[in-house]
Each structure stands twice: as C-alpha cells, then as structure tokens.
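Dear colleague,

Please find below the structure that I am handing over to you, with its sequence. My notes on what was found in it follow directly after.

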Amino acid sequence: MFLQNYWYAVGWDSEIQRKPLARTICNEQIVFYRKLDGSLVALEDCCPHRMLALSKGHLEKDDIVCGYHGLTLNGNGVCVHMPDGKNPPKKSLVKSYPIVERHRFVWVWIGDVAEANEAQIPDLTWCSDPKWVSDGQTFNIKCDYKLLVDNLMDLTHENYVHPTSIGQQELMEAPIDTISDDKTATVTRWMRDIVPPPFWSANLKSDQNCDRWQICNFSLPANVMIDVGVAVTGTGAPEGDRSQGITGIVLNLMTPETETTTWYHWGMARDFDITDHGLTGRIRDAQAAVFSEDEEVLESQQQRILERPDRNLVNFAIDSGGVEARKIIQRELGRMPGVAAE
Ligand code: FES
Ligand SMILES: [Fe+2]
C-alpha cells in the first residue's frame with residue numbers, strides 16, 4: 001500500500017520524450033509521452049481492446065496508436081480511431097493522470113484525480129532558481145523505498161560505503177540533532193574545524209580547515225533533500241553566515257515502483273561555479289559512482305529481508321532520522337481509508 005494523493009516524480013525532465021515511456025509507479029502501470037508542443041501525457045498503460053501495453057505502440061501526432069490492432073487514443077485517453085473502423089465512443093477508455101513539469105522534474109499525481117493540486121508539488125526551488133545549477137539521473141533500485149529513506153537520513157554509512165569519496169571519521173563522532181513534526185523529519189550534523197574531504201576542498205579551492213554540515217530533510221511522500229557544504233572555520237557558517245562557504249543540495253526523490261523496487265531520482269543542485277558545465281557533468285558522474293555503492297548495499301539488504309521474514313530491523317541512535325521518517329509515513333498511511341496504522 002502506498003501513500004495516495006501525492007505528486008510522485010516520474011523522472012528528470014529530459015527522460016520524458018516523444019517515444020512512449022512505460023513506468024510503473026506505486027504499482028500503477030503508466031505510459032508517458034510528450035505531445036508535439038512539448039506538453040505531457042500520462043495514461044494507463046493498457047490497451048482497452050486486448051490489453052497490450054500501449055507503450056509498445058507509437059505516436060501519431062499527439063495520439064498513441066496501439067501496436068496490436070491500431071486502436072488510437074488521444075492524450076486524455078479518448079478513443080479517436082477504432083480497429084474495426086466503427087465510430088469511437090466519445091469517452092475515455094483508459095485512465096488519464098494529472099501530470100506537471102516543474103523544477104526540472106516531471107510529476108504525476110497518484111490518487112484521487114479530483115484532489116490533484118499543483119500547489120502541493122514539492123518546492124525544489126534550487127532546480128529553477130538561476131543562482132543555482134542542477135543535474136542528476138534516475139536509478140531503478142531493487143529495494144523498498146523506505147530502505148533508501150533510512151540510508152539518506154543516516155549518513156554515518158558514508159564512512160563505510162563511500163570511504164574513498166565523501167566518508168570521513170568525523171561523521172561518526174559529530175553529534176546529530178533530530179527533530180520532526182507531522183510531515184517532516186530533519187537530522188542536522190555539524191563537523192567543526194575539520195580537514196575537508198577531497199570533493200569539498202577542491203570545490204572550495206582551499207586546503208584550510210573547515211566547518212562541514214549535513215542537514216537531511218525528509219518530507220512526504222518520500223523525498224529527502226540534503227543541504228551539504230563547507231565553509232572555512234571561523235567565518236560564521238554554524239551561526240548562519242555561509243558567505244565564505246559553498247552549498248550543495250543533494251536531491252533524492254524516491255518513487256515506489258512496487259513494494260520491493262524503487263525509482264530513485266537523484267542529483268545535486270549547487271550554488272558555486274554555476275557556469276562550469278564540465279563540473280556539472282563531473283559531479284553527476286561522481287554521484288553516480290557513489291550511489292552505485294549504495295545500490296549494491298540496498299539490494300543486498302532487500303534480498304536478505306525477503307529471505308529472513310523471521311528477523312526485524314533494529315534501530316540504533318544513528319537511525320533516529322529514518323525512524324522518525326518511517327513513523328510519519330506510517331501515520332499518514334493510517335489516515336488512508338481502509339488502512340490500519342501499525
Ligand atoms: S490490443 Fe490494442 S488494438 Fe487490439
Ligand atoms: Fe550513500
């Protein structure tokens with residue numbers, strides 16, 4: 001069971017093109033494409049005739065033609081051509097989903113169509129503000145999306161999973177502060193007066209000691225924005241003055257595909273060297289390498305969880321952020337009609 005009445009990220013804006021794209025979201029099979037004017041279509045991916053996936057077909061102008069007998073639907077799911085040449089019924093034959101492009105992502109509404117409200121699209125302002133630059137990719141990871149939330153809300157794993165890139169011992173030693181409310185959970189960690197790891201010293205263009213921060217913010221349905229950065233020690237970053245520092249927002253949008261698989265849309269927005277497009281590509285490639293290390297861990301965890309139903313996850317102090325996020329998800333699921341809270 002997945003949270004309903006939320007906008008879920010389908011993919012980065014560049015992923016949806018003219019060629020029909022099949023993507024299952026929250027167990028719903030959907031086909032996505034762009035019309036000639038660039039606007040977006042999301043339809044139930046199932047031909048109303050003999051149930052071939054519509055994504056196996058092709059587009060004719062703004063309509064999708066089934067690849068079996070040619071039944072043709074417009075972007076609202078209304079039939080415009082019947083295989084037998086008869087007059088098509090003037091109503092939708094497949095479900096059409098609310099879909100919006102914003103902040104470099106494409107969002108689909110899962111739930112009651114009448115409730116769809118664009119004001120609820122997550123505010124990823126860093127992806128549209130010209131003072132920032134952003135890029136990233138999508139991975140399909142064979143794990144429950146909640147394992148990804150755990151992973152991103154507890155960054156002590158960097159020391160073991162990513163020791164050669166972003167891990168450092170101070171991660172284990174710096175205290176964390178965890179706060180939460182009805183819809184969000186935030187874990188804050190400051191590492192003060194430390195030698196910055198290579199990624200940060202190279203981008204700060206300084207080898208001086210730094211204050212490094214990681215502020216992980218979970219919001220429903222399953223988004224984790226991580227405010228990360230460094231500033232030279234003594235320049236006031238912990239007190240709120242980041243003018244001598246550099247900031248990145250690690251974007252993590254987890255869209256459940258099924259109970260045990262997830263579309264993981266990740267990226268980084270940054271406020272430094274924003275016209276350096278080579279750096280944008282290098283950061284994306286470095287992030288892909290780092291998240292591939294996570295992928296291996298997450299898929300292996302999921303496999304073991306499926307093999308060992310007799311065992312439960314155990315929570316330590318480092319898991320406080322993930323624990324809070326899971327409580328928020330569970331509470332919200334409990335508010336859905338017909339779902340009992342745990
Ligand atoms: S299955 Fe699609 S037209 Fe027949
Ligand atoms: Fe990681």
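I begin with one residue, Val250, whose contacts beyond its neighbours within four places in sequence are Ile226, Val228 and Met268. Please bear in mind throughout that this is a predicted model. Val250 belongs to strand β16, which covers residues 245-258. Is Val250 buried or exposed? Val250 counts as buried because 22 C-beta neighbours lie inside 10 Å, where the cut-off for a buried residue is 20 or more. Val250 and Pro337 are separated by 87 residues in sequence, and their C-alpha atoms are 34 Å apart in space.

The protein as a whole

The protein has 6 helices and 17 strands. Its radius of gyration is 22 Å, close to the 20 Å that the globule rule gives for 342 residues, so the protein is as compact as a globular protein of that length. The C-alpha trace spans about 75 × 50 × 35 Å along the principal axes. Of the 342 residues, 36% are buried. Among contacts with a separation of 6 or more, 54% are between residues 24 or more positions apart.

The two domains

The domain assignment gives domain 1 as residues 6-120 and domain 2 as residues 125-334. Between the C-alpha centres of domain 1 and domain 2 the distance is 33 Å. How many residues does each domain bring to the contact? Domain 1 gives 14 residues and domain 2 gives 14 residues. On the side of domain 1 that touches domain 2, β1 and β2 (21-25) are the elements that give two or more residues. The largest share of that side comes from β1, with 5 residues. By class, the side of domain 1 that touches domain 2 holds 7 nonpolar, 4 polar and 3 charged residues.

β1 belongs to an open sheet of 3 strands in the order β1-β10-β9, with antiparallel pairing. The edge strands of this sheet are β1 (6-12) and β9 (99-102), each of which pairs on one side only. On average, neighbouring strands of the sheet are turned by 30° against each other, direction ignored. The antiparallel pairing of β1 with β10 (residues 105-110) runs over 6 bridges. Within this pairing, Trp7 has Trp109 of β10 as its bridge partner.

β2 lies in an open sheet of 3 strands as well, in the order β2-β3-β4 and with antiparallel pairing. Why is one side of β2 and of β4 (40-44) left without a neighbour in the sheet? Both strands stand at the edges with a single partner strand each, and therefore one side of each has no neighbour there. β2 and β3 (residues 28-34) run antiparallel and are joined by 5 bridges. Opposite Arg23 stands Ile30 in β3.

A buried helix

Lastly, I would draw your attention to helix α1, residues 145-153. Of its 9 residues, 8 are buried, so α1 is largely enclosed by the rest of the structure. The buried residues of α1 are Tyr145, Leu147, Leu148, Val149, Asp150, Asn151, Leu152 and Met153.

With kind regards

Conventions. Residues numbered from 1 in each chain as written. Chains lettered and ligands numbered in written order. Predicted model: local features only at pLDDT ≥ 70, side-chain atom pairs only at ≥ 80, totals over all residues. Helix = DSSP H or I, 4+ residues; strand = E, 2+ residues; numbered from the N terminus. Rg over C-alpha atoms; globule rule 2.2 N^0.38 Å. Buried ≥ 20, exposed ≤ 12 C-beta atoms within 10 Å, placed from the backbone. Contact = placed C-beta atoms within 7 Å. Pairing = 2+ DSSP bridges. Axes fitted to C-alpha atoms, helices over the stretch in contact; angles between N-to-C directions. Domains from an automatic or database assignment. Nonpolar A, V, L, I, M, F, W, Y, C, P; charged D, E, K, R; others polar.
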